[in-house]
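My notes follow in the order I looked things up.

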Amino acid sequence: MTKADMMALMPLIILAGGSVLVLLAGAVRPGGYLYGLAITVVVSALAWTIAVPATVVMPGLAITPFARFFAVFLDSAGLVALLMATGYNKRRGIVGEEYPATLLFALAGMGAACAASDLLMLFLGLEAFTFAFYLLVAIERDSVRGGEAGLKYLLNGTLSAAVLAMGIALVYCSRGTLRLSELARQPASLEPLFLAGVCLILVGLAFKLSLVPAHLWTPDVYQGAPAPVTALLSTASKGASVAAVLLILPLMAGWRGGHDILWCLSLATMVCGNLAALVQTSIKRLLAWSSVAQMGYVALAFVALPAGGGRAAIFYVVAYAAAGLASFGAVSILSDGSDRDAIEQYRGLGYRNPLAGAVLAVALFSLAGIPPAAGFMAKFAVFSAALRAGEIALAMVGVLTALVAVFFYLRVVVALYMRPVDGAEAAARRLTGSEALALAIPTLVTVVMGVYPSPLLDLLARIMG
Amino acid sequence: MMADLHLLTVLVFFPLAGCLLMLPAWKCPAAARSLALGVMSGELLLALWLYASWQGLAALKPALPGYLLVEDAPWISAFGIRYTLGLDGLSLLMVMLTAFSFCIALAVSWRAVGEKVGLFLALLLAMETGIMGVFLALDLALFYLFWEVMLIPMFFLIGIWGHGRRIYSTVKFFLFTMFGSLLMLLAIIALHLLHARQSGVTTFGLFELIATPLPAGTQLWLFAAFFLAFAIKFPLFPLHTWLPDAHTDAPTAGSVILAGLLLKTGSYGLIRFGYPLFPQAAQTLTPLIYTLAIAGIIYASLVAFAQEDMKRLIAYSSIGHMGYVAIGIAAWEPVALSGSIIQMANHGVTTGALFAMVGMLDERAHTREIGAFGGLWGKIPLWSFFFLIFSMASVGLPGLNNFVGEFLVLAGTFTKAPLAAGLAFVGIVLTLVYMVRLVQEVVFQVERRPLPLADLDRREICVLAVLALLVVWMGVHPAPLLELIHGPVRLLTGGVP
């Protein structure tokens, strides 16, 4: 490994090393400072990624502009989740160094997955961060819901890992190589074994993206996990999985069947996700189903890959992640102290807790795709890619399901601002600095991306070349 | 010179700046009210100044033929979206109406809104930005953005400060409008892509897209999507069901803006975008538009006759009045179109005034039921006097404003579609029936319930006097306004400016 390789890999090394460092430091002297340490680690990884624009290809890993973009995106999400967790975990009695250390490990895994240049590294990266989430979901030891969620996630996750591994094995059987660049070189006719392998890989990734019908774990896990963990799980892990899908899709470019599979996944996800969200009464479950539905639009962008869908997919997932972090962050603040989870219990909270309420409202408008929030630009990008690819029917379905979505997102906004508060409740506590920052960053990103998306779009155009 | 001042940007975003300034004034209602008053009257002054100098601006001959001021800058180059604003006579009339209606809305809610004043006024200002943007945008994507943005404040306005089944009404309003808009969004993107495929230029600019030759079938589908969005806002029968609910449950300021402006965005969109972009498809669907408009006029009049709630009655009368606007647009002929545009402004003023007056009565009596009143002429003569004026204007009494619009619409339409014009004329008689019933039951007759009512105070008199003067002025001397829209109408209907 040369010095240039080391320089390029440094963000991953910082994250993985930081994870070990936090664990060791926690063993020597436990305390709240560990969160500060973890935040420092993430910030330095972020700064390094931005400051050292290296493009390096080595066995297994390729630090390309694509990988670096995702590294910045995922590390920022991780940073926001850490800021959110600092206060939340203290109040909920989640102590110990495991939380920040595992989170750093998850970020390292995501970074590796996005930079993978062969299937083995992709698998390792994906499973590394999924493994970290098994721990994080169940980290609240006294919570029954948390335990249940952890188990469900573990069972589903290992199943998907098995499917993914099987797919990789089949691909290797058929081609004798794991390099993505070599696999993308298509022979005249695709061999069935190879296609079976690619399909299995796609199924494994569909689990991670919670595309219908591989979505059943999502509501239970999102509801049971602590809110900051759900925030990260529903955004960064989705972002890394989108990157993984974008790395895999060239393998089946030109195969009509691949298009059809994605088409069906997208249709089913948009319809099921949005319809199921309609009948939810718990806010976390509503957001969980909404995140299922949102991935349907990302899948729509995958369908339109030849017509610029890749850029639309990334833009969409970034916009979604900003709104997701903001919404779960706001929920983690609005629900604290009590186990407030029913939408009904959010009555009038917009006035009691103005900042968190407004952040939740902005996030929901963004998820609903209403301008000037980023969600609108994201839907705009996806729908124009879909129409350019000639997917008129799917775009129509997308638009109509988006209308359904408007209804359930509005329900929460209605509860926040329009329902009378019953009984006088104690005034909301003041937010700490880190909480306010964790709410402000994704909200600002949501608004700026909605009003002035040009820089990001141009950057993505360069990355996707 | 004047183009360098970015007056259009100021016109659009000055209220938004006021909305942000509202944050420090959050806790103090008096400061918030003064701030809103300052911003809104500043906006009105700017609009009036533009009106006063429009002939001078026209003489400067800016980039686009027929336009007085144009601003153009790249915005989202990846999609080919530009920030293009343009002001012509039609836009200027709508801009004046907007700035004026917001001042009225502020004045009528001066005392009526006592809770969360800062939030209320911030939402009003944000909405003013959205509506100004709709009336000035010349880039389809930009237009769509403003079109959606103006919904959000209205959603909160009805939902938080409304009455009755406010949440049901506001959600219904939002979903109805979103439904139309989303399909229009697809149509906008499709049009953009078709243009890009033909010419290789990615643009959402209105004037580039107008030149796109489209096969008849495609054109019909795209126009249908646009038309649906506009018809819901209009609202045309049978897509009108959101309107009575939204109007009835909205706070007075909300009703004034709904009637005065939001409905106009539908007709404005049809005039500015729908017809020019898809002329053949529009021709094909013209009989349908006539039918819906006339069905709407007759249906709304009959339903209005049966209403017990004054606000609901006026809401239904709105559907009827907007039907005339639709007929005038469908004729697509200079006289009728001028009539439609004048009628848009007239309806904004008259119906806005009627809603404001019902709101004032509601504040005093805490009911809007027609059966509760009677004999108000003797009890609150000033209120009754103004109510009589606006009711007569609404009916279309010659010499008052609505007469001008309706007359032009019918005269213009008669040359193109005599049957439609004839049926619409019958509608005017029906309007007379229900308005006379309203006035007779409320203002005259004998007192039915002993309600302690105080007559108008000075603020209310000022507001209503301004409105009444406008009603008379636009009725007696509409020539300046007609002259203002003459050029744009000629251009739209295919003439030279």
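This is a predicted model: local features need pLDDT of at least 70, side-chain atom pairs count only at pLDDT 80 or more; totals for chains, interfaces and linings use all residues.

**Entry 1: H15 and H18 of chain A.** I took helix H15 (residues 354-368) of chain A against H18(A). Their axes come within 10 Å and cross at roughly 30°. Angles under 35 degrees count as roughly parallel, so H15(A) is roughly parallel to H18(A). I noted a left-handed crossing where H15(A) passes H18(A). From H15(A), the contact uses A:Leu355, A:Ala356, A:Val359, A:Val362, A:Ala363 and A:Ser366. From H18(A), I listed A:Ala436, A:Leu439, A:Thr443 and A:Thr446. Sorted by class, that contact of H15(A) with H18(A) has 7 nonpolar, 3 polar and no charged residues.

**Entry 2: H3 and H18 of chain A.** Next I checked helix H3 (residues 65-92) of chain A against helix H18 (residues 433-451) of chain A. The two axes come within 8 Å and cross at roughly 150°. That makes H3(A) roughly antiparallel to H18(A). H3(A) passes H18(A) in a left-handed crossing. On the H3(A) side I found A:Val80, A:Leu83, A:Met84, A:Thr86 and A:Gly87. They meet A:Ser434, A:Glu435, A:Leu437, A:Ala438, A:Ile441 and A:Pro442 in H18(A). By class, I have 7 nonpolar, 3 polar and 1 charged residues for the contact of H3(A) with H18(A).

**Entry 3: H10 and H12 of chain A.** I then turned to helix H10 (residues 227-248) and helix H12 (residues 283-303), both of chain A. They pack at an angle of about 15°, with their axes 12 Å apart. H10(A) is therefore roughly parallel to H12(A). I logged the crossing of H10(A) and H12(A) as right-handed. A:Thr230, A:Ser234, A:Lys238, A:Val242 and A:Val245 are the residues from H10(A). Facing them in H12(A) I found A:Lys284, A:Ser291, A:Met295, A:Val298 and A:Phe302. The class count for H10(A) with H12(A) is 5 nonpolar, 3 polar and 2 charged residues.

**Entry 4: chain A as a whole.** I counted up the secondary structure of chain A: 19 helices and 2 strands. Its radius of gyration is 21 Å, close to the 23 Å that the globule rule gives for 465 residues, so chain A is as compact as a globular protein of that length. The C-alpha trace of chain A spans about 70 × 55 × 40 Å along its principal axes. Of its 465 residues, 60% count as buried. For contacts in chain A with a separation of 6 or more, I noted that 80% join residues 24 or more positions apart.

**Entry 5: where chain B touches chain A.** The contact takes 23 residues from chain B and 24 residues from chain A. On the chain B side, helix H6 (140-149), helix H7 (151-161) and helix H8 (166-199) each give two or more residues. H8(B) supplies the largest share, 12 residues. By class, I read this side of chain B as 20 nonpolar, 2 polar and 1 charged residues.

**Entry 6: one tyrosine in chain B.** Last, I located B:Tyr67 in the loop between helix H3 (54-59) and strand E1 (69-76) of chain B. Is B:Tyr67 buried or exposed? B:Tyr67 is buried, with 22 other C-beta atoms within 10 Å; the cut-off for buried is 20 or more. I also checked B:Tyr67 against B:Gly487: they are 420 residues apart in sequence, and 9.1 Å apart in space, C-alpha to C-alpha.

Note on methods: Residues are numbered from 1 along each chain as its sequence is written. Chains are lettered from A and ligands numbered from 1 in the order in which they are written. Axes are lines fitted to C-alpha atoms, for helices over the stretch in contact, and angles run from 0 to 180 degrees between N-to-C directions. Helices (H or I, at least four residues) and strands (E, at least two) are DSSP runs, numbered from the N terminus. Angles under 35 degrees count as roughly parallel, over 145 as roughly antiparallel, 65 to 115 as roughly perpendicular and the rest as oblique. A crossing is left-handed if the near helix is turned anticlockwise from the far one by less than a right angle, and right-handed if clockwise. Two residues are in contact if their C-beta atoms, placed from the backbone, lie within 7 Å. Ala, Val, Leu, Ile, Met, Phe, Trp, Tyr, Cys and Pro count as nonpolar, Asp, Glu, Lys and Arg as charged, and the others, Gly among them, as polar. The radius of gyration is taken over C-alpha atoms; the globule rule is 2.2 Å times the number of residues to the power 0.38. A residue is buried if 20 or more other C-beta atoms lie within 10 Å of its own, exposed if 12 or fewer, and partly exposed in between; C-beta atoms are placed from the backbone.
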